[in-house]
Amino acid sequence: MDRPSTGPVAVIDVGGTDTKTGVLLPDDTLTGAGSIPTPHGPDTAGNVLDLAADHVRRARAAHPDLAGVGLVVPGIVDDDAGRAVLATNMGWQDVPFAALLRDRTGLPAALGHDVASAGLAELQYGVADPPPGAGPSPEPALPAGTTADAAVIVIGTGIAAALFAGGRPVRGGGYAGELGHAPVEPGGERCACGGRGCLEALASAGAIARRYTARSGHAVTGAEQVLRAAQAGDDDAAAVWQEATVALARGITVLAAVLAPRMVILGGGLSGAGAALLDPVRAHLDDMLTVQRRPLLRLGRLGTRAGLYGAGILARRMAAEVTG
């Protein structure tokens, strides 16, 4: 991970449902991490700015040497301009969050895309240089250069990917990486985007819970419950989990054909399923890949904290630029 010489930085990861906050210390410890409902309303952008400024105020009280703030948000983001271009589910357009947050706090402020930042953190910090308390990796050490060409698929309520080629992020003006809306089951069920058979409609954590509820008649609130039911012998749960892992393998096969990553990391909340996710996806890939380069498949190590670590990377860079 980038480790410029800065003090602690405040970090905020805004999601459609919850917003996570914390402080990343110079020794890479994430402290004071918490989560609150994202403050939607007539002015969601203003509410998020208020939340972020309040978090910075409280963080500064605990860490008077606070050096900067990093904010990551969903939607289309122009990182260089510090501007949130569009997020229809958040109800904002063309919001200069970085400048507004800098004006409110007096600190160097950086803005990034939530999934792109989480992917950056998984590559630079999670798999390559684990944070304090992460423990040893159960996987072999990575061959040199593996992370230069990579994809980090963040699986939570939705699905998106952070893409890297030659060590540089592939952003496509903010449009790249929408893997969740790649059709992997033509003619399949309708996705929230309006398409049919999208990866997100089959394999996101939200879709797994929703599809099991519809299939079995037993309401569940999360994918973890579906996995536990599958492991306990529930045929409906096993079928839904199988369909999700097949869909993920199909999405990775598309990436292998187009981007040829040397590594694919499965991150986000669903990565907490561990081998129950990784092993079947690997097996399906063995059946699907032909002439494509077979990527190393790993689980992310940061889980739902990846966005906060990514915000920390951005905040440290900005603070170093301002003070250096």
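Predicted model: local features only at pLDDT ≥ 70, side-chain atom pairs only at ≥ 80, totals over all residues.
**Entry 1: salt bridges**

I began with charged side chains, since those of opposite charge can pair when their charged atoms come close. I found 13 salt bridges in the structure. One of them joins E189 to R210, with the closest N and O atoms 2.7 Å apart. This pair links distant parts of the chain, for E189 sits in the loop between β11 (168–170) and α4 (199–203), while R210 belongs to helix α5 (residues 205–216), 21 residues apart. I looked up the accessibility of both partners and noted that E189 is partly exposed at 26%, and that R210, at 40%, is partly exposed as well.

I then turned to R215, which forms a salt bridge with D236, the closest N and O atoms being 3.3 Å apart. Here too the pair links distant parts of the chain, with R215 in helix α5 and D236 in helix α7 (residues 235–258), 21 residues apart. R215 has a relative accessibility of 45% and counts as partly exposed, and D236 is placed in that class with 27%.

Next I checked E224 and R228, whose side chains meet in a salt bridge at 3.2 Å from N to O. They lie four residues apart in helix α6 (residues 223–231), so about one helical turn separates them. E224 is exposed, with a relative accessible area of 58%, whereas R228 is partly exposed at 47%. I also traced shared partners, and found that salt bridges join E189, R210, R211, R215, D236 and E243 into one network.

**Entry 2: strand β9**

Is strand β9 buried or exposed? Six of the six residues of β9 (residues 150–155) are buried, so the strand is largely enclosed by the rest of the structure. I looked at its faces separately and found both covered, with A150, V152 and V154 buried on one side and A151, I153 and I155 buried on the other.

Which strands pair with β9? Strand β10 (residues 159–165) runs antiparallel to β9 and is joined to it by six bridges, and A150 has F164 as its bridge partner there. These two strands form a hairpin with three residues between them. Strand β12 (residues 263–267) runs parallel to β9 and is joined to it by five bridges, with I265 as the bridge partner of V152.

**Entry 3: helix α9**

I followed helix α9 (residues 306–323) along its 18 residues, and its span from first C-alpha to last is 26 Å, close to the 26 Å expected at 1.5 Å a residue. Its buried residues include A306, L308, Y309, L314 and R316.

The largest pocket holds about 1400 Å³ of space. Its lining has 49 residues, of which D114, G156, T157, G158 and I159 are the closest to its centre. Helix α3 (114–126) gives the largest share of this lining, four residues, and β9, β10, α6 and α9 are among the elements that each supply at least two. I sorted the lining by class and recorded 21 nonpolar, 20 polar and eight charged residues.

The second largest pocket has a volume of about 760 Å³. Of its 36 lining residues, the closest to the centre are D79, D80, L111, L314 and R317. Among the elements that each supply at least two residues to this lining are α2 (97–105), β8 (109–113), α3 and α9. By class I recorded 22 nonpolar, six polar and eight charged residues.

Key: Residues numbered from 1 in each chain as written. Heavy atoms only, no water. Salt bridge = Lys/Arg side-chain N within 4 Å of Asp/Glu carboxyl O. Buried < 20%, exposed > 50% of the residue type's maximum accessible area, 1.4 Å probe, protein only. Pairing = 2+ DSSP bridges. Expected span 1.5 Å × (residues − 1). 1 Å grid on protein atoms, 1.4 Å probe; cavity = no way out; pocket = protein on both sides within 12 Å on 5 of 7 lines; lining within 4 Å. Points joined across faces, edges and corners; volume = space filled by probe spheres on them. Nonpolar A, V, L, I, M, F, W, Y, C, P; charged D, E, K, R; others polar.
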